[in-house]
Each structure stands twice: as C-alpha cells, then as structure tokens.
Amino acid sequence: MSHGPRSGLYAVSSALLAMSRHLEVRDVLKTIVASARELLDAQYAALGVPDDHGGFAQFVVDGVSDEQWRAIGPLPRQHGILAAMLRDAGTERLADVRKDPRFEGWPVTHPDMSDFLGMPIRDGDEIMGALFLANKNHPVPEGSCGFTQDDEDLLTMLAQHAAIALTNARLYERSRELTIAEERSRLAHELHDAVSQKLFSLRLTAQAATALVDRDPVRAKDELTQVAALAAEAADELRAAVVELRPAALDEDGLVATLRTHTQVLDRAHSARVTYHGHLPRALPASQEEAVLRVAQEALHNALRHSGAQRVDVRLDPHERGAVLLVVDDGAGFDPRAVRRAGRHLGLVSMRDRTDGVGGTLTVASEPGKGTTIKMEVPGG
C-alpha cells in the first residue's frame, strides 16, 4: 500500500465513518468511490450498480470531471470485464486492461486506462455492484500492475463495509417511502371523512332552505346563513388538507435538495440517465416551490414513461427574483398541436394550471424525433 500502517489505518477508519454517515443511496455510492480512489491512490474509480436489463441502474465515477463524463456519453453496458466481474463475482487485477482478451474498447472521449483493479460488492449471494479502480498514481515497471496484493486486501475490506452501508441506505429509503405512503393514505381518509360530512350537511341544509323559501322566508334565511357557515368550514378543511399534503421534503430540505433527491431516485429506478443541475441563492414562496416540484415531477413522468428517452436533464436556476425550471429529454418528442387536437394532454393541462396558479409561464417545445423541453418560469417573491 502507499500508506504507512498508522496513516493507512486512519484512512480506512475515516472512509468507513464517512460511509456510515450517509443515508441516501446515491451519497453512499459517491462516498465509497471517493474513499476507494483515495485509499488506493488511484487516478480513477467507479462503482456500478447493475440493473436487470444488461445495463447499470447507477454508475458513479470519481476522478472524471463533469465535462468529461458528459462527453463520454451513455452509461456502459454489462460487457467484457465488467460483465465477468458481475457474473463470476471474482476480483480482477490487471497490468493493462487494454490487453485483456475480454476488453471491448471504450468511447473515444473515455480517459486512457492501463492497470486495473476490480471487485464485486456482495451481500451474501447478491451482487450489489462492482468497484473499479484504474491507473495507480506512481510509476510501475513495464508489464506489471501498479495495484498490489495489499491494495486488493484493502479494497476487499472496503467492499465488505460498502455492502453494509448500501444495505442500510436501501432500507432507510424504503422505510421513508413507506412512511410517506402511509401518511398520504391517512390524510386521504381524513380528508374524505371530514369533507364528506361537511358537504352532506351542506346539501341537506340547502335543500331545507329551498323548501322554506316560499312559505317561511325568515327560516329560509337562517338556513342559508348556515349554508354559508358550512361552506366556509368545508373550505377551511380543504385548505388545511392541502397544507398537510405539501411534500414534507420541501419543508425539511428545500426545493433544490428535494428536486436533486427526486432525480436521483428516478435515475436508480429507470434505465435512462436522469441528472439534476442548478442552484437557488434564496428560497421561493412556498406555493411556487410546490408548483415547480409538481411540474418537474409531471415532466419527468412523461419523459420516462412515454417518450423512450435515454437521458433526461433537470435544471433549476435563478431568474431575476424568481427561478426557471428546465426539463429536457432526448425522447421521441411529439407535435403539441396534434396532441391538443386529439384531446390528449400528457399532463400539460395540469402543468399549465399549476404554473398559472402561481403567476408563472410554461413553454413546451417538442417535435417528433427531437425530444421535448419543458420550461417553467416563476416570479419569486
């Protein structure tokens, strides 16, 4: 190893503590990759989580800039050495990955790599992912691998703890999803019971007022006063329910963190690459934040469920006192005019209503075969 015993032990301890601090799966993956690259003194590190379709549900890299990563293109498929590691659950330590007979090349913009160390992350018989490191950061003799047996042993320890951290993060996210679902179910029941009772009373009182209006106008007036009171109570019940149904994450984490987390979850759940970029220097009014989140969710749903997109990019940036949201996909696209004529909406009516409701503007740009861009601007406060 490149570290002495004291510094090496401290580095391992720091890496394991860093992994245990995170609860979101994506954050755990990033920490594992960064820790592996630092511990083994490598130029590049990556961690792939396989999906069930021959690709990767997630692929996190360290040592590659955002510009390089975008230039490389789509996520790799499970082929060559990557496939062998996932299939056979074995460790690979190679002097030059390019000379291995299983090597199948990489994109033109991919960084050049030579010595290679790869290892699966396992939880019992399940292969949760695979760690890859390349290009040890010190000179090595021609034809030999820069990664040593000590490096392999260290990575084995890291992979074992990574499996624990990933399992905990998955359980946390699943628990959070169940909690949200249970809370929404509870609110739905409460809303149904409370508002149904109010509306039932409202209807009976209105019927009584109608029956009395000719023969007893004074009592009819009293009944109509009661109708107004019941209507006000029903409105209050609905308003309270709407406040409760506001996504909890918005209040806890803010719009930027909520959008980022939402895109990360979708990135794991779909074969398409879903990314988030952008920031806001200050919060928007609560109604605008919720509208932006809902429009983003609807646009993402359309892109991932209906367009066949391979990549969906979400951006949120400041614009004057407010913000501008962009959701761009490379999917099949559509003719907005034809959609309107056919009476299909693809969620566009809902998105426009939400945008109009907070004084914003919504622009939809799409053509068949050229993807779709949803742009929402809100004024801020």
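Rings of Phe, Tyr and Trp (for Trp, the six-membered ring) are taken to pair if their centres lie within 6.5 Å; planes under 30 degrees apart count as stacked, over 60 as edge-to-face and the rest as tilted.

**Figure 1. Aromatic cluster of the predicted model.** Ring pairs join Phe56, Phe59, Trp69, Phe116 and Phe132 into a cluster. The structure is a predicted model, in which local features need pLDDT of at least 70 and side-chain atom pairs count only at pLDDT 80 or more, while totals for chains, interfaces and linings use all residues. Residues are numbered from 1 along each chain as its sequence is written, and side-chain values use heavy atoms, with hydrogens and water left out. Across the whole structure, a search finds five aromatic pairs. The pair formed by Phe59 and Trp69 is stacked, with 6.1 Å centre to centre and 5 degrees between the planes. Because Phe59 belongs to strand β2 and Trp69 to helix α3 (residues 66-72), this pair ties together parts that are ten residues apart in sequence. Helices (H or I, at least four residues) and strands (E, at least two) are DSSP runs numbered from the N terminus. Both Phe59 and Trp69 are buried; buried means under 20% relative accessible area, exposed over 50%, and partly exposed in between (1.4 Å probe, protein chains only).

**Figure 2. The edge-to-face pair of Phe103 and Trp106.** The ring centres of Phe103 and Trp106 lie 4.8 Å apart and their planes stand at 75 degrees, so the pair is edge-to-face. Phe103 is partly exposed, with a relative accessible area of 26%. Trp106 is also partly exposed, at 28%.

**Figure 3. Overall view of the protein.** Ten helices and ten strands make up the secondary structure. Of the 381 residues, 43% are buried. Among contacts with a separation of 6 or more, 64% are between residues 24 or more positions apart, where contact means heavy atoms within 4.5 Å. The protein exposes about 20,300 Å², of which carbon and sulfur atoms supply 53%. Accessible areas come from the Shrake-Rupley method with a 1.4 Å probe, and for residues only the protein chains shown count as cover.

**Figure 4. The five-stranded open sheet.** Five strands, in the order β2-β1-β5-β4-β3, form an open sheet with antiparallel pairing. Two strands are said to pair if DSSP finds at least two bridges between them. The edge strands are β2 (56-62) and β3, each of which pairs on one side only. From one strand to the next, the twist averages 15 degrees. Strand β1 (residues 42-50) runs antiparallel to β2 and is joined to it by six bridges; within this pairing, Gly48 stands opposite Phe59 in β2. Helix α2 (residues 25-39) packs on the sheet and touches β1, β2 and β5, its direction making about 40 degrees with that of β2. Axes are lines fitted to C-alpha atoms, for helices over the stretch in contact, and angles run from 0 to 180 degrees between N-to-C directions.

**Figure 5. Strand β4 and its neighbours.** Strand β4 (residues 116-123) is mostly covered, six of its eight residues being buried. Strand β3 (residues 92-94) is joined to β4 by three bridges, and the two run antiparallel. Arg93 has Leu117 in β4 as its bridge partner. With strand β5 (residues 126-136), β4 pairs in the antiparallel sense over eight bridges. The bridge partner of Met119 is Leu131 in β5. β4 and β5 form a hairpin with two residues between them, and Gly124 in the turn has a positive phi of about 65 degrees.

**Figure 6. The covered helix α4.** Helix α4 is mostly covered, with seven of its nine residues buried. These are Gly80, Ile81, Leu82, Ala83, Ala84, Met85 and Leu86. The cover over the buried residues of α4 includes β1, β2, β3, β4 and β5. Just after α4, Ala89 takes a positive phi of about 55 degrees.

Figure 7. His306 is placed in helix α8 (residues 286-306). With 53% relative accessibility, His306 counts as exposed. His306 and Gly333 lie 27 residues apart in sequence and, C-alpha to C-alpha, 9.4 Å apart in space.
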